[in-house]
Every structure is written in C-alpha cells, then in structure tokens.
Amino acid sequence: MPPRTRIDFGEYLRHRRAGARPPDRPAGGPGAQRRVPGLRRQELAEAAGISVEYYVRLEQGRAPRPSREVLAALARALGLAGAERGHLFRLAGEPPPEPPAPEDLVRPGLLRLLRGLDDTVPVSVHSGRLDLLARNAAATEIFGREDGSGPFRDNIVRHGFTESAPLLLGEEGADRYARWAAAELRAALARYPDDDYLRSLRAELAATSADFRGHWARGEVASARSAVKRLLHPTRGWLEFQSEMLHDPERDHWVVIYASAR
C-alpha cells in the first residue's frame with residue numbers, strides 16, 4: 001500500500017477498535033475496570049489470530065499490505081459486515097469479498113418505492129441468483145405473472161429461453177435478451193461458483209435449449225446495465241423503454257427501472 005493509504009488504513013482500524021465492544025469480564029475481576037472504550041490492541045490481535053506487534057504496525061501505517069485472510073480476520077474481530085467490511089478491504093487495496101449468497105428479502109423501503117411508482121414507472125427487483133423478487137403493478141401489467149412451477153419459475157435467465165420471450169420482445173429483441181441472459185448467468189456463477197441453484201439452472205438450460213447452448217458457447221460475461229427495449233404492452237401495443245439497472249451491493253439485488261424512451 002502507498003504510505004498515505006497505509007495511514008488511512010491504520011486510522012480506520014483505530015476508529016473501529018475504539019467502537020468495538022470489549023469482551024465481558026467478571027465483576028471485580030482483572031480488567032473489569034477499563035479506562036478507555038473499545039478493544040485493547042492485544043485483545044483485537046488475539047481475536048484476529050495475529051501478533052500484537054504486527055497489529056500495532058498496521059495501526060501505525062508501518063506494515064506491508066495485509067493478506068485477504070488477515071483482512072477477513074480483522075473484519076470478524078471488529079464485527080464488520082457489509083459496507084464497513086468492504087471499506088476495510090478497499091483501504092488495503094483489495095476488492096471486497098462477495099457475500100456467501102444473495103439475499104432473498106427485498107428491503108421494506110424499496111418495496112414502498114415500487115408501490116409508489118405503481119401507476120407511473122415499471123420497476124422490478126431481482127437477486128444475484130437472477131430470481132425475480134418483486135415487481136410493481138406497472139411492471140406486472142407489461143410482463144404478466146409467471147405461470148408454471150419448478151425451482152426456476154421466477155428466474156429471469158430462464159425467461160429468456162421460453163416461448164413467451166419472442167411474444168413480449170419480438171424475435172430480434174428476444175435474441176438480444178437471450179444473449180444477455182446467458183452472459184448474466186456466467187457472471188453470477190463467477191460470483192457464486194459453488195451455488196447449487198445456479199449450477200442446476202445452467203445444467204437444465206444446457207440440456208433443454210439449443211439457443212442457450214449457442215449463446216453460452218460465446219463465453220460472454222454480462223456488463224451492459226443500460227439498454228433501450230421494445231416491449232409489447234397487452235393493451236397499448238409496442239412501447240419503447242429505456243431500462244436502467246441499479247445495484248444494491250450489500251444484498252446483491254438489482255433494481256430495473258423502465259422509463260419511457262419517448
């Protein structure tokens with residue numbers, strides 16, 4: 001790490017250590033009376049499984065760049081999660097670790113936002129497993145409600161390889177969506193390589209869809225988060241939308257907003 005970054009990293013450690021909860025001590029026992037809040041350096045070093053000397057050098061900005069294992073141990077010892085853990089990793093020059101699995105529950109505030117836009121803007125939310133988690137009324141009016149059963153009923157990748165895709169998107173639009181869906185599944189598997197659900201989804205599509213096999217063979221990884229889409233509205237005919245995908249990294253949720261392109 002550059003000197004300035006090492007200093008910022010050390011300052012962040014000190015601030016988090018001062019705000020950490022100290023271990024419980026028996027009343028009247030050794031260490032029961034603490035003159036400063038938070039954890040002592042020795043307590044934090046022991047909890048992280050590193051030497052006190054090394055931890056002191058980290059706080060002082062004199063240690064070399066810590067490994068990801070050390071960063072993970074420090075985050076656990078300090079009780080850091082989500083954005084706080086991610087900030088610790090970034091200060092050390094490392095990308096934050098991916099969550100072990102995406103959340104399935106949508107934040108209540110986001111659900112209220114969807115309902116507030118019911119009559120104006122179609123909005124949907126899907127998880128890092130590419131499962132549809134929520135849609136507002138405007139989105140449901142366009143896309144309809146999914147029929148059928150099975151573990152992949154709500155999966156937006158699977159939707160791209162069904163007979164209904166060309167009806168909603170047109171032949172050209174459906175082909176673009178299928179290409180994006182295969183690339184998006186590849187990206188999801190890179191984030192969660194041991195996820196049984198995603199692995200099973202890939203296996204099923206590979207076994208049942210020649211279209212999927214063709215797109216998968218391209219080896220593409222999805223990156224586009226903005227696109228113009230033509231969708232067939234059940235009563236208003238073909239409509240053109242500017243779709244934008246916004247990411248909630250803490251839960252690995254994607255919010256897709258469909259604004260009128262005209």
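A pocket, as the term is used here, is an open set of points on a 1 Å grid over the protein atoms alone, with protein on both sides within 12 Å along at least five of seven lines, and its lining residues have an atom within 4 Å of a point.

The structure is a predicted model, in which local features need pLDDT of at least 70 and side-chain atom pairs count only at pLDDT 80 or more, whereas totals for chains, interfaces and linings use all residues. Residues are numbered from 1 along each chain as its sequence is written, and side-chain values use heavy atoms, with hydrogens and water left out.

| Pocket | Volume | Lining by class |
|---|---|---|
| Largest | about 750 Å³ | 17 nonpolar, 9 polar and 6 charged residues |

The largest pocket, with its volume of about 750 Å³, is lined by 32 residues, of which Phe-143, Leu-169, Tyr-177, Lys-229 and Tyr-258 are the closest to its centre. Among the elements that give two or more residues to this lining are strands S1 (123-127), S2 (132-135) and S5 (253-260), together with helix H9 (164-191), where helices (H or I, at least four residues) and strands (E, at least two) are DSSP runs numbered from the N terminus. H9 gives the most to the lining of the largest pocket, with 9 residues.

In the second largest pocket, 17 residues form the lining, and Pro-96, Pro-97, Pro-99, Pro-249 and Glu-250 lie nearest its centre. Helix H5 (residues 82-91) gives the most to that lining, with 5 residues.

Strand S1 is mostly covered, since 5 of its 5 residues are buried, that is, under 20% relative accessible area with a 1.4 Å probe and protein chains only. Val-123, Val-125 and Ser-127 point one way from S1, while Ser-124 and His-126 point the other way. In a regular strand the side chains alternate between the two faces of the sheet.

Two strands pair if DSSP finds at least two bridges between them. S1 and S5 run antiparallel and are joined by 5 bridges, with Val-255 in S5 as the bridge partner of Val-125. S1 also pairs with S2 in the antiparallel sense, over 3 bridges, and His-126 stands opposite Leu-132 in S2. The hairpin of S1 and S2 has 4 residues between the strands, and in this hairpin Leu-130 takes a positive phi near 70°.

Technical notes
1 Å grid on protein atoms, 1.4 Å probe; cavity = no way out; pocket = protein on both sides within 12 Å on 5 of 7 lines; lining within 4 Å. Points joined across faces, edges and corners; volume = space filled by probe spheres on them. Nonpolar A, V, L, I, M, F, W, Y, C, P; charged D, E, K, R; others polar. Buried < 20%, exposed > 50% of the residue type's maximum accessible area, 1.4 Å probe, protein only.
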